[in-house]
Structure formats: structure tokens, C-alpha cells
Amino acid sequence: MTGSRVISLGHYQPSRVVTNDELAQIVDTSDEWIRDRVGIQQRRIAADGETVADMAGIAAEKALAGSGLSATDIDMVIVATCSSVDRCPNVASRVAAHLGIAAPAAMDLNTACSGFSYALATADHAIRAGAAHNAIVVGAEKLSDLTDWTDRTTCILFGDGAGAAVVRATADGEEPGVGPVVWGSAPDKKDTLKIEGWRPYIWQEGQAVFRWATTAIPPIALQACERAGVDPSEIAAFVAHQANARIIDGIAKRLNLTNAIIAKDIVESGNTSAASIPLALSKLVERREVPSGAPVLLMGFGGGLTYSGQVIRCP
Ligand code: UT7
């Protein structure tokens, strides 16, 4: 059966850097508290007129430029986002128009912070079914639009940005590079993280989400390795949703990833929800920290509560 491979990545972050010290001027917090409890040193915040689609489009353009494919080769665009303000046209159609892709299947997907992994699996399944051949999968967020800048428990956490991947069908005899997805949700905990109503703000029971992430996610990540036929000791990089450095370390510790680089883009980008995994992965690859073909474990988790993970071969 045909599988798929991630063949290139791209990312975009707004130019404005917001430091912890800057936030300490608007809410009762400190650089020390934020570094200790979350691991963030700074985040990027989009300009007023800069949209989710703008950021998604630039990241997708970079991924396409590195793929060796052209816009006419792409027949599917999926954008994972929970922060796009506009309902229609969706972000995927705008990305397609920006890139000059003529008639792709174009959909947005909202599973909050696990969105990129869900979208990657959806593209992989479409390719396996013969419904697509070359897809662009994007995670993009403008969380600053959903942030209550008077709430110190949330406003220090989030940032804006986008990451994208080009995913193509494998050639005859070529090994698939996107492993089986392990995805699901915990609907009984749906109210622990909310972005509700109009005008919506992000609200969460931080400790409850923290406990769930550090206890429920490790067995799911191990299942993703098992289903890919990869021992955790073989994983070259662990790219988890960048929610909190302590969560990432807590999960990694339970996986026994003896040879893996642990992505910590949260330090310089904060929590960018669906964008955090492709953003962190794209930077690791750009810095050539992971060899091409090496197994990389992706693990998304967050609002819903939802989760999704798979092992991919590094482009
Ligand atoms: O991406 C979607 C999924 N989201 C997550 O995975 C987030 C999971 N949760 C977390 O990462 C953490 O729970 C937070 C980073 C949100 C909070 O860290 P925490 O270690 O769980 O802190 P806490 O909520 O237990 O608060 C400890 C103390 C409280 O003060 P008291 O009651 O002990 O006096 C808070 O009021 O820290 C206080 N606090 C702050 N202090 C300084 C809360 N926010 C701040 C702040 N600056 N920004």
C-alpha cells in the first residue's frame, strides 16, 4: 500500500519579540516565575493586521520551496488552527490562493494544540486512500487575539506563528515515512481548557491539564513508537506540543528516550498551540540537528482534551 513521507518543512514567526520582563510591566509576574514554572524566555506576537492565513501562507511557501515540487503538484491543503477569526473562506483556501494552487482539497482542522499531528495523519490517510498525492499540512495560530492580557495565569504562556510540511506519496518500494497515528480525546475533561463565546479568551485549569498531560500522554507516545515498530531508544528527536518545559521533560523521562534530542522551542516561542510542533521540528531540521531519515516522535495534546502522536522519518 502507498504511504507518505514528509519531504520538507518551513516556518514563520512574527518579528515582534515580547520578553518576560515586558509582561511583568502589565501583570503581576516575573521573569524568574515564568522561566521556573514554564520555561519560556520570550514569545513572538503578530502585528495587528497580520492574520493566521498570512503566517500559514508564508510557512507553507517556505515548505513548498524546499520540496522540489511546484504549486501545480499539490492537491491537498490542511491547516490546523483554533485561532482563525474568519469562518469562510477557510485558512486552507487562502493558503492555496497565496501559493497559486489551482484546485486542492482545502480544509481547516481544529483540535487545538494536537492539531498538526491530526492534520498530518489526515493527509497521510488521504494519500494512502488515493484521494491525494501531494499535500501541504500547516499548523498556524494567532493566539494573541485570544489572550486576556490582564490574566497573568494565561497571558504569559502563548505566542503566534506557523509551521508547515509538504507530504508526498511514497514511490513504489519506498518505505513510508509517516507512521501510524495514535489519536483520541478525553471528553470527560473537555471543560479544563476553553476558548468559548464571543469575544473568546483562553481559559484553563492549568494544574488539571498539567496532570493529565504528564500522566495520560506517555503511554500514548509509547504506543505511537510501538505501532511504528521503533524502539524508544532509536528515536532521534522528540517533538512534543510546546506547552510547558516541565511537561515536556516529565513525558520524555517516562519514555526512556536515551538517544533523542528533546525539542524545547517553548523557550523562545512560548506555546503556539497547533503551530508548536511544526515550528519546533522545522527549526531542528533547519539547524541540521536531526539526520535525514531518522525517526522523530511527534506528540500533540491539548484543548478538547485531545491528543495525537506518530513517528515520522525526518526529511
Ligand atoms: O497548550 C494547551 C495545554 N496546556 C497545558 O498543557 C498547560 C498545562 N499547565 C501548565 O503548564 C501549568 O499549570 C501553568 C504554567 C499554567 C501554571 O503553572 P503551575 O505550576 O501549575 O502554577 P499554579 O497554577 O499552581 O500556580 C502557582 C502559584 C499561584 O499562587 P498561589 O495560589 O500559590 O499564591 C498562582 O496564582 O503561582 C501563581 N501564578 C503566578 N505567579 C506569577 C500563576 N500565574 C503566575 C504568573 N506569575 N504568571
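## Salt bridges in a predicted model

D191 pairs with K190 in a salt bridge, with 3.0 Å between the closest N and O atoms. The model is a predicted one. D191 is partly exposed, at 37% relative accessible area. K190 is partly exposed too, at 45% relative accessibility.

A second bridge joins D249 and K264, whose closest N and O atoms lie 2.8 Å apart. This pair links distant parts of the chain, 15 residues apart. D249 sits in helix α8 (residues 245-255). K264 sits in the loop between β12 (261-262) and α9 (266-269). D249 counts as partly exposed, with 37% relative accessibility. K264 counts as partly exposed, with 31%.

Some bridges share partners: R5, R168 and E174 are joined this way into one network.

Another salt bridge lies within a helix. The side chains of R128 and D124 meet at 3.1 Å, N to O. Both residues belong to helix α5 (residues 115-128). They are four residues apart, about one turn of the helix. How does burial divide this pair: which residue is buried, and which is partly exposed? D124 has 3% relative accessibility, so it falls under the 20% cut-off and counts as buried. R128 has 28% relative accessibility, so it lies between the 20% and 50% cut-offs and counts as partly exposed.

The pairs described here are set out below.

| Salt bridge | N to O distance |
|---|---|
| D191 and K190 | 3.0 Å |
| D249 and K264 | 2.8 Å |
| R128 and D124 | 3.1 Å |

These pairs are among the 13 salt bridges counted in the model.

How values were computed: Residues are numbered from 1 along each chain as its sequence is written. This is a predicted model: local features need pLDDT of at least 70, side-chain atom pairs count only at pLDDT 80 or more; totals for chains, interfaces and linings use all residues. Side-chain values use heavy atoms; hydrogens and water are left out. A salt bridge is a side-chain nitrogen of Lys or Arg within 4 Å of a carboxyl oxygen of Asp or Glu. Helices (H or I, at least four residues) and strands (E, at least two) are DSSP runs, numbered from the N terminus. Buried means under 20% relative accessible area, exposed over 50%, partly exposed in between (1.4 Å probe, protein chains only).
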